[in-house]
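Colleague: Hey, can you walk me through this one? I've got a few quick questions.
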Amino acid sequence: MTTTFAQPSQQDLVAHYTHQPLTGQAALVTGANSGIGESVARHLAAAGAATVINYVTNPDVAEKIADEINQTGGRAIAIAADVSKEDQVQAMFSKMFEAFGTIDILVNNAGLQKDSAFQNMTIDQWNFVLGINVTGQFLCAREAVREFLRRGPKPEISSATGKIICMSSVHEVIPWGGHANYASSKGGVMLLMKSMAQELAPHKIRVNSIGPGAIKTPINTSAWDTPEAEAKLRTLIPYDRVGEPKDIGRAAVFLASDDSDYITGTTLFVDGGMTLYPGFATGG
Ligand code: NAD
């Protein structure tokens, strides 16, 4: 039987999965000294990328993560910047280019919540969350795109000229009472991501999001740190376990590598099925 396309040899596949798919690439992960960002940075570094650990608080934690990566055969540096401040973002990228020469992978991870009943939400709570969760992603993505376009392709290390991964949330599609600012920010990230993906695809720049469900990190400790809280949370998760940061780290390596070369403009939900309307599982 003939086929119109060639399958890779099994030998090539075996070799592919034992080599580091991000070798020779430089990555920047924002908010990388805690939770999901830390996991993503550690996974990208283990997959071969020279990695910037961005942080805004707790420099000692960022330095410790970078040290551990450097001591285990990887390459990492910690750089401070508040992603919502244009001058700090630009200074961070300059420092990265001094250290690593360029950027190949940006993971826009930094984000936070300032929760409030809608009628009590202050303009400061609104602006703070939108400023970091959306404007921060815009500012970092713009610097990365400027560098991708300036540098051009490097086909010897990746089919794409650059890759951007936006950390979104299931709340880009699930409304969230008491968190109108956060849900609005993630809805904004969804169309920021898709608009960038559409505009930049002809330049071979891929832009995607990860939509985590409930992942055990400091952002949501009270939702899983007692057996009662965790059991309640699991009722929202068909796969019946709360996620861990490594679930997101693995997805990030996939979206950063050429394994996902034909994927752009999409959100990969890593949520154990949280977006499947579990309340309707028994008929609704
Ligand atoms: P986290 O609180 O552990 O980490 C957030 C990180 O962002 C921290 O390192 C923090 O210092 C950093 N950060 C905050 N403001 C910053 C700023 N102005 N500049 C630079 N860094 C800043 O929380 P996490 O759960 O790891 O969250 C990471 C991302 O994942 C966020 O975008 C969050 O919205 C998203 N997310 C998390 C979950 C979850 O269940 N944990 C679910 C969906 C989406």
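Colleague: Where does lysine 204 sit?
Modeller: Lysine 204 is in the loop between H6 and E6. Keep in mind that this is a predicted model.

Colleague: Okay, and what's phi like at lysine 204?
Modeller: Lysine 204 isn't a glycine, yet its phi is positive, about 65°.

Colleague: Where's aspartate 240, and what about its phi?
Modeller: Aspartate 240 is in the loop between helix H7 (227–234) and helix H8 (245–256). Its phi is positive too, near 60°, and again the residue is something other than glycine.

Colleague: Switching to the ligand: which residues come nearest?
Modeller: There are 29 residues around the ligand, and Ser34, Asp82, Asn109, Tyr182 and Thr217 come nearest.

Colleague: What kinds of residues make up that shell?
Modeller: The shell has 14 nonpolar residues, 13 polar ones and two charged ones. Helix H2 (35–46) and helix H6 (180–200) each give at least two residues to the shell.

Colleague: What does aspartate 82 do at the ligand, in terms of distance?
Modeller: An N or O atom in the side chain of aspartate 82 is 2.8 Å from a nitrogen atom of the ligand. For oxygen atoms of the ligand, look at isoleucine 215, where a backbone N or O atom lies 2.8 Å from one. Asparagine 220 has a polar side-chain atom 3.0 Å from a ligand oxygen atom.

Colleague: And how much of the ligand does the protein bury?
Modeller: The protein buries 92% of the 830 Å² that the ligand exposes when taken alone.

Colleague: New topic, the largest nonpolar core. Which residues there touch the most other members?
Modeller: That core has 34 residues, and the ones touching the most other members are Leu28, Phe93, Met96, Ile103, Leu106, Ile164 and Val207. Elements giving it two or more residues include strand E1 (26–29), helix H4 (86–100) and helix H5 (123–151).

Colleague: Which element gives the largest share?
Modeller: H5 does, with nine residues of this core.

Colleague: Let's zoom in on isoleucine 164. What's it in contact with?
Modeller: Leaving aside neighbours within four places in sequence, isoleucine 164 is in contact with Leu106, Asn108, Ala141, Val145, Phe148, Arg206, Val207 and Asn208.

Colleague: Last one: how many residues are in the second core?
Modeller: That separate core has 32 residues, among them Leu22, Ile105, Val107 and Ile165.

Key: Residues numbered from 1 in each chain as written. Predicted model: local features only at pLDDT ≥ 70, side-chain atom pairs only at ≥ 80, totals over all residues. Heavy atoms only, no water. Near = heavy atom within 4 Å. Polar contact = N/O pair within 3.5 Å; in protein donor to acceptor, adjacent residues only side chain to side chain. Areas by Shrake-Rupley, 256 points an atom, 1.4 Å probe, with all protein chains shown as cover. Helix = DSSP H or I, 4+ residues; strand = E, 2+ residues; numbered from the N terminus. Nonpolar A, V, L, I, M, F, W, Y, C, P; charged D, E, K, R; others polar. Core = buried A, V, L, I, M, F, W, Y, C linked by side-chain atoms within 4.5 Å. Buried < 20%, exposed > 50% of the residue type's maximum accessible area, 1.4 Å probe, protein only. Contact = heavy atoms within 4.5 Å.
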